[in-house]
Amino acid sequence: MSSSGPTLTQIEVAGIVLTIVAVIVTSFRLYLRAREKRLWIDDAWAAIGVISNFILLIVDCLYLQDYERYPQGTRVALYYMVAQSFYAVVWSSRISILFTIVRLTIPGTLIRRVLMYAAIIFGTIWALLFSQLCWICETESGWKTQPHPQCNLGRSVAITQMITDVLSDFFLIFAPFFFIYNVRLSRAQKVRVLSVFSTSAITTVVSLTHAYYILSGGGTKVLMAAIVEVRCQCFDLERC
């Protein structure tokens, strides 16, 4: 990995701190929903995001600091777990936000059907990214012999990630605009609702930064950007 960029210790500390905050705020959201008996599909996906985030924290720590204790095959497996847990947090969070929009719509309407199809598309994208990573890393397997293995995901993963991140986040930002002005809310309430979903724009910026580091072979910068991105997704869940 590149010598420039954050150290492994800095990445681990950032991951621990941001994960603790993200898990606490999302768990508090789920607690409030459960107490009010308002749990729905979006909350189930939020719970999956929290669990995936906790798993990511554990494998992150093992991969970043304790890897020398393990045989080479285990180190490779830890890298795969980190990479795929990242996708699990990002896309389960996006699906949760999408279903939060769905629950605001009226059953049987066109916008609700469109959003349901979008949820299927999001799930398909997640599966494709999962498969793409495995395919590229297994095809170019030289990285597996490195003392601290990290697959060079290259241009194709960066471009795919960039396109899917931008399109999905833009959809989550602009989808509420198609129905929010047709519901009976005050102007101030509509502005607040739209501002909540517009925070996905922040995650888009972080996602593009992550994709850039993948594209340029950013070494540890890729890991740090990934950590910040998944925690931004979890913070988005708290706002929903």
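Where is the place of Lys37? Lys37 sits in the loop between H1 and H2. The model is predicted; local features need pLDDT of at least 70, side-chain atom pairs count only at pLDDT 80 or more, and totals for chains, interfaces and linings use all residues. Residues are numbered from 1 along each chain as its sequence is written, and side-chain values use heavy atoms, with hydrogens and water left out.

Lys37 is not a glycine, yet its phi is positive, at about 55 degrees. Most residues other than glycine have a negative phi. Lys37 is also exposed, with a relative accessible area of 77%. Exposed means over 50% relative accessible area, buried under 20%, and partly exposed in between (1.4 Å probe, protein chains only).

The protein chain holds nine helices and zero strands. Helices (H or I, at least four residues) and strands (E, at least two) are DSSP runs, numbered from the N terminus. Along the sequence the pattern reads α-α-α-α-α-α-α-α-α. Of the 240 residues in the protein chain, buried residues make up 48%. Contact means heavy atoms within 4.5 Å. Among contacts in the protein chain between residues at least 6 apart in sequence, 77% join residues at least 24 apart.

The mean pLDDT of the protein chain is 80. A value of 70 or more is reached by 79% of its residues. Helix H4 has the highest mean pLDDT among the elements, at 93. The lowest, 63, belongs to helix H7 (residues 187-198).

Helix H3 spans residues 72-102 and has 31 residues. From its first C-alpha to its last, H3 reaches 45 Å. This is close to the 45 Å expected at 1.5 Å a residue, where the expected span is 1.5 Å times one less than the number of residues. H3 is mostly covered, with 26 of its 31 residues buried. Ser93 lies in this helix and is buried, at 0% relative accessibility. The Ser93 side chain reaches the backbone oxygen of Val89 at 2.6 Å. This is a polar contact, a pair of N or O atoms within 3.5 Å; within protein, one must be able to donate a hydrogen and the other to accept it, and residues adjacent in sequence count only if both atoms are side-chain atoms.

A nonpolar core is a set of buried Ala, Val, Leu, Ile, Met, Phe, Trp, Tyr and Cys residues joined through side-chain atoms within 4.5 Å. The largest such core has 45 residues. Tyr79, Tyr87, Trp91, Cys137 and Leu153 have the most contacts inside it. At least two residues of this core come from each of helix H1 (8-35), helix H2 (41-64), H3, H4, H5 and helix H9 (220-239). H3 supplies the largest share, 18 residues. Not counting residues up to four places away in sequence, Trp91 touches Phe122, Ile125, Trp126, Leu129, Thr164, Asp165 and Ser168.

Which residues have sulfur atoms joined in a disulfide? Cys137 and Cys151 do, with an S to S distance of 2.4 Å. The pair links distant parts of the chain, 14 residues apart. Cys137 is in helix H4 (residues 110-139), and Cys151 is in the loop between H4 and helix H5 (154-174). A disulfide is a pair of cysteine sulfur atoms within 2.5 Å, and by this rule the count comes to one. The torsion about the S-S bond of Cys137 and Cys151 is about -110 degrees, so the disulfide is left-handed. Cys137 is buried at 0% relative accessibility, and Cys151 is buried at 6%. The sulfur of Cys134 is 7.4 Å from the closest cysteine sulfur, in Cys137, which is too far for a bond. Cys134 is partly exposed, at 26% relative accessibility. Cys61 counts as buried, at 19%.

Asp43 is buried, at 3% relative accessibility. Its side chain makes a polar contact of 2.7 Å with the side chain of Arg33. A second polar contact, of 3.5 Å, joins the side chains of Asp43 and Arg103. Not counting residues up to four places away in sequence, Asp43 touches Arg29, Leu30, Arg33, Arg38 and Arg103.

Definitions and conventions
pLDDT is the predictor's confidence in each residue, from 0 to 100.
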